[in-house]
Amino acid sequence: MLDYKSPKYDEQKKWIRRARNGGIEWKKIEYGKRNNEEGLNEFLENQREINFWHSDINTIAWKEIVYAMKKDEEQEEMSEINKGASIITDTDLNNEIYIPEETKSAWQLYKKHLKEQGFKDKVIDNIEKSTLKILKTLSTDTVGKTPIKGLVIGNVQSGKTSNMAALMAMAADWGWNMFIVLSGTIESLRQQTYKRLFNDLNFAGNVNWRGIEHPSKNIQFEEKTQNLHFEEDNNNKNKYFTVCLKNAGRLKNLIEWIQDDPNKQKQMKVLVIDDEADQAGINTKDMKKFNDERSTINKLIVNLVEGKNIDGEEINSYYKAMNYVGYTATPYANFLNEAERASLYPKDFIAALEVSKEYFGPQQIFGADNSEYNGMDIVRIINTNDLERIKDIHDGVKSWIPNSLKKAVCWFLCGTAAMRVSGYNKPISMLIHTSQRQQHHKCIADEIRRWLETNEIGGILESCEETWKEETLKFTFDKFRLQYPDYAQEDSEINRYPNFDEIKPQIKILLVEITNIQLDDDGELRYHSGIHICIDNCANNGINEEGMHVRLAYPESRSMPKPAPAFIVIGGATLSRGLTIEGLISTYFLRSVGQADTLMQMGRWFGYRKGYELIPRIWITEKTKKQFEFLSELDEDLRKEINEMSITDKLPKYYGPRVKNTPKCSLIKVTAKNRMQCAEPAEMDYSGASMQTYVFDANSETLRKNIRIVEEFVNKLGMPEDTDNYNNDFSKKKCIWTGIKFSMIKELLENYSYSQKLKTFQDVKTMNEWIDKITTEGKLTDWNIIVSGNINKKIEGNDGVWALQYGKEVNKVIRTKKNNTEDIANIGVLSNPMDVIADIPISENDTELLNAIKLINRKDENGKKHQSLQARILRNSEKAGLETTPQLIIYRVYKNSKVNVKENSDTKFKRYDLNLDEDIVGFVINIPGGKRGTTYVEKLYIPIKNDTFDDQGDLEGTDED
């Protein structure tokens with residue numbers, strides 16, 4: 001077999017990549033875009049003659065390269081899905097766009113800029129792939145059609161602007177010429193976005209970027225639309241962009257400007273990027289009461305996209321192309337608000353960006369049920385007494401700040417000092433968010449300054465030392481590696497905690513000067529080596545009576561002072577969305593919020609923490625912690641829903657994504673009621689579900705009872721089948737039964753004792769009722785049962801064997817614990833992915849299935865989680881023939897399972913001996929189907945009428961009317 005990765009075959013691989021980027025199917029590529037073997041020979045002869053391909057690239061070699069690249073692509077797609085990246089789109093929208101390779105292209109220049117900014121090659125590759133996938137769903141000609149509308153789901157504080165700029169750059173190379181970025185409701189953030197985009201894109205090359213600052217009919221003469229160049233001309237390098245506030249006046253001005261010249265409008269290929277698409281632009285008008293009426297901002301954005309004037313009236317002109325792409329980390333309102341033809345619902349595509357293994361997000365910090373993350377020990381609880389003290393400060397009562405806030409400030413001092421010692425040279429911040437009211441912000445700032453300034457430095461240092469020792473013992477490097485096991489940085493790249501004596505001098509320096517940001521003689525901001533206290537709200541936009549700049553303003557990167565400047569930032573709404581708090585290491589957060597999307601956006605502590613991974617800490621209330629734990633599961637669940645829709649080709653124009661809703665309404669709502677007014681409860685649905693017992697009570701009586709119940713069940717099944725019939729190495733040394741009635745399994749599920757920590761099986765009765773119903777309707781058939789164990793015996797003596805009836809024996813499995821507690825055994829994962837496909841009957845001639853199984857079994861960097869998803873997809877596929885056959889896999893776990901000392905030396909994946917009095921018997925349930933369900937919460941969705949988005953043909957005002 002040839003080594004297709006050799007540079008010798010670069011030309012062939014380049015041709016194949018371009019064909020795939022152009023949407024050519026693998027079957028067509030296999031024959032060189034011809035129809036048969038003869039055509040392939042002709043293709044290869046032409047390539048040898050025209051492009052000087054090697055003479056040894058015959059049909060056999062060519063097919064080997066194609067097959068290998070096809071498998072790599074499948075593996076890569078599964079890897080992306082495993083990392084939370086996916087896109088749901090109609091294949092009819094797949095245009096022939098590919099990656100621009102010209103060095104002077106806007107994309108290649110932006111890519112070079114990202115490298116210069118320190119982005120890793122892998123991160124840039126991910127941005128490139130996701131950008132191409134999104135761009136391939138857009139159109140440069142929507143005349144006579146409805147505008148393209150889509151949504152991109154990112155993460156809070158994860159660098160969405162980089163992805164937006166990438167889309168603009170690549171789109172500019174492919175002919176889009178008018179870019180409109182809709183940016184929040186705060187002018188300072190709009191200016192920040194405008195400046196960032198211009199600096200990121202404006203390089204000498206094939207594209208000349210021209211920014212339009214405030215488009216309107218009354219704009220200066222040279223920026224009126226009639227004087228701009230949108231025509232398709234090889235000499236025309238101009239691409240125009242504007243960043244517009246989501247404010248009624250600005251949007252009206254924009255619409256009037258863009259529609260001012262009908263002839264120019266017909267040349268415009270428009271890409272509208274709605275940053276924070278769930279903010280301001282959602283229709284909050286009561287649709288049942290006001291029929292077609294819309295809230296003001298939503299109506300204006302819809303008019304812009306639909307090509308109507310500011311009053312929503314049809315005009316006698318149209319855009320050459322109109323594409324609307326929303327970006328948000330909290331898309332709940334976008335999915336639950338409305339799904340009308342003339343709305344902003346993402347009918348054409350939904351894309352989820354990859355979750356980086358360097359990102360500190362809700363799952364990493366707060367954990368998520370049945371995921372690899374259990375949360376990080378960096379969250380501290382503010383007690384009720386301290387809340388009363390904060391209330392006193394808000395009310396103007398002179399009171400020393402409470403202990404929890406003192407600890408948070410001391411930690412900020414220590415963390416800043418530690419980062420300075422390690423050579424960190426960017427801003428370092430503490431965020432305090434206790435109230436929306438502006439007067440409260442000043443009260444908090446005054447009391448913090450008073451506490452720092454009126455205490456002896458020695459007293460502050462003593463408090464700092466106590467806090468430093470307590471926190472560094474509580475959250476160690478080893479614990480970080482255990483709680484974020486797949487963090488992408490090497491151990492050597494993660495700074496450890498220095499000794500307190502090393503950071504003490506820097507703490508003293510911080511305490512010398514505590515002020516707002518000072519101004520020099522020229523009115524420029526001047527930063528010192530102490531603490532800058534900033535109050536960031538609408539009342540503090542300028543200079544105070546002492547000549548100080550009160551609002552947050554970080555220094556420019558090109559003139560960064562040394563040592564790293566320190567900021568304590570106190571505020572409300574302006575800190576809640578869009579603004580990045582740089583180097584955030586200490587957060588004191590008291591806001592009580594009723595909506596999940598609002599609260600998630602307030603999580604300014606989500607983001608990247610390279611260089612200070614061990615330092616961040618968060619002080620919140622117990623209720624807020626529970627809310628964020630729910631948000632973590634909501635976010636994880638939604639990404640899985642998008643993945644499942646992508647895999648099973650469920651298009652958003654026919655099927656609204658389902659959003660998890662908490663059963664505890666008092667805890668938090670998904671979004672405000674008027675932002676999800678078309679949402680309805682989704683029926684409980686377990687199709688496509690994969691559930692397993694992985695948490696067990698370490699109670700001997702309970703374990704013995706479960707062994708007895710499961711053995712009685714297995715013994716009732718009769719003689720298992722001959723596994724030789726399956727022609728599958730992974731079926732050997734297993735017991736397999738087929739055609740088992742659900743009534744038998746139902747009894748097992750109801751009698752088995754589950755741990756209270758295992759949420760998935762807390763409502764078995766509801767699940768059984770659903771399975772009964774679906775089975776009666778003929779959508780599920782009888783079950784396949786597998787009793788599985790290690791293929792090779794790994795446990796000495798009879799203790800390692802599970803003896804069943806009819807002389808059958810199955811080896812026990814070895815599983816160790818993720819935790820070191822005595823009452824609970826959390827083994828993380830029970831199942832072996834290869835057992836999922838063990839009941840697929842395969843003939844020896846079925847090479848397609850055999851090759852698919854080999855691909856699943858191939859080890860890669862994503863491990864068993866990746867294999868498990870691939871295995872489920874294969875088993876649910878038509879070629880496996882089990883699309884309606886549920887599966888139950890049973891394991892017996894050896895009670896004295898020991899960790900592998902060699903493997904356990906890596907603290908990233910620390911495990912513990914099982915050390916139980918009895919074996920564990922557990923099981924896995926796999927229910928075929930596309931929709932993903934859950935057993936313990938309700939979901940919300942928008943029911944979409946079948947014909948809502950079907951009328952994709954000619955619209956009013958076109959020549960065919």
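I looked up helix 12 (residues 296-306) and noted that nine of its eleven residues are buried, where buried means under 20% relative accessible area, exposed means over 50% and partly exposed lies in between, with a 1.4 Å probe and protein chains only. This is a predicted model, in which local features need pLDDT of at least 70, side-chain atom pairs count only at pLDDT 80 or more, and totals for chains, interfaces and linings use all residues. Residues are numbered from 1 along each chain as its sequence is written, and side-chain values use heavy atoms, with hydrogens and water left out. Helices are DSSP runs of H or I with at least four residues, strands are runs of E with at least two, and both are numbered from the N terminus.

I then checked what helix 12 meets: its buried residues pack against strand 2 (148-153), strand 3 (178-183), helix 9 (248-258), strand 6 (269-275) and strand 7 (321-328), a contact being heavy atoms within 4.5 Å. After helix 12 I found Gly 307, whose phi is positive, near 75 degrees.

Next I turned to Lys 224, which sits in the loop between strand 4 (208-211) and strand 5 (238-244). I noted that Lys 224 is buried yet has no salt bridge, and that Asp 260, the nearest side chain of opposite charge, is 5.0 Å away; a salt bridge needs a side-chain nitrogen of Lys or Arg within 4 Å of a carboxyl oxygen of Asp or Glu. Leaving out residues up to four places away in sequence, Lys 224 touches Lys 217, Asn 218, Ile 219 and Trp 257.

Last, I looked at Glu 38, which lies in helix 3 (residues 37-50) and is exposed, with a relative accessible area of 65%.

Definitions and conventions
Lys, Arg positive; Asp, Glu negative; His and termini not counted.
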